[in-house]
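Please keep the sequence and the structure in view while reading.

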Amino acid sequence: MSPATCMRPEDRSRIAASLAALGIERGYSYPWHRAEEPFRVLLAEYLLRRTTRKVVARVYERVLSRYPSAAALATARDEDLWAVAREAGLRRRTLQLIEIARQIVQQGGVQPSRERLLDLPFVGPYIADAVLLYSFNERVFPLDNNVQRVLYRVMQGTHPPKSMDPYRDKALEQIADVLTKNLDAVRLRHLHQGILVVAWEVCRAAPICRACTLRTLCLYSTQSDVPASLR
Ligand code: SF4
């Protein structure tokens, strides 16, 4: 049995509550986290795959002011989209947005279905789950390397396995299930935001546990073999 499943229910609840409180207090810092319109969430998550959040924040606003809907983007010319989205880099990937938008139009809009979202070209499970959680209030939990890193450390006291796709990681699925059990979609969003805040600010490759809200709850931090300078 893993440390996460052995953890006392009250400890799991305290971890979930701390992360959700942090999410409410300091999360939702990018415009797409508050955008309920599914096309906007999908656009941002697609751009975020290979580009930094700060750059995406700028490109996202520029693309939306020129193409405010999937229907508008579906009719874009390559050169016009590239002119507003060039800063995101990766021309071919950026122009694939036009193809995604055309498929969305063919589907009659972004659909509240994981299967239909995954039918869209270049859309993987993280983007699909982010759209379902943030736009459609579905009880799903998007898993990426940030979530994987934080949850392994907090709930298992270990680093995640190297190069393991979060969506193929059965242990991560189990940890996330334990932590998210009984939470509704609103609380899942707060929890997800809290994990992202921790991942971005302190729980990086070299964690800064002494500055982390979770330091007294996190198994990694409370284990004796963590260097004192990091605790
Ligand atoms: S206490 Fe340390 S290892 Fe645990 S979540 Fe915070 S930064 Fe990461």
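Predicted model: local features only at pLDDT ≥ 70, side-chain atom pairs only at ≥ 80, totals over all residues.

The domain assignment divides the protein in another way. Domain 1 is made of two stretches, 3–29 and 140–222, while domain 2 covers 31–136. Taken over C-alpha atoms, the centres of domain 1 and domain 2 are separated by 26 Å. Domain 1 brings 15 residues to the contact, and domain 2 brings 12 residues.

What area do domain 1 and domain 2 bury between them? The value is about 1300 Å², with 64% of it on carbon and sulfur atoms. Of the area that domain 1 buries against domain 2, 40% is supplied by Y28, V140 and Y167, more than by any other three residues. On the side of domain 1 that touches domain 2, the residues comprise 10 nonpolar, three polar and two charged ones.

| Item between domain 1 and domain 2 | Count |
|---|---|
| Salt bridges | zero salt bridges |
| Residue pairs in polar contact (both at pLDDT 80 or more) | five residue pairs |

Salt bridges do occur in the structure, which holds 13 of them, although the count between domain 1 and domain 2 is zero. As a general point, side chains of opposite charge can pair when their charged atoms come close. Where do R14 and D11 stand relative to one another along the helix? Both belong to helix α2 (residues 9–26), and because R14 and D11 are three residues apart there, about one helical turn separates them.

Note on methods:
Residues numbered from 1 in each chain as written. Heavy atoms only, no water. Domains from an automatic or database assignment. Contact = heavy atoms within 4.5 Å. Buried area = accessible area lost by both parts, 1.4 Å probe. Salt bridge = Lys/Arg side-chain N within 4 Å of Asp/Glu carboxyl O. Polar contact = N/O pair within 3.5 Å; in protein donor to acceptor, adjacent residues only side chain to side chain. Nonpolar A, V, L, I, M, F, W, Y, C, P; charged D, E, K, R; others polar. Helix = DSSP H or I, 4+ residues; strand = E, 2+ residues; numbered from the N terminus.
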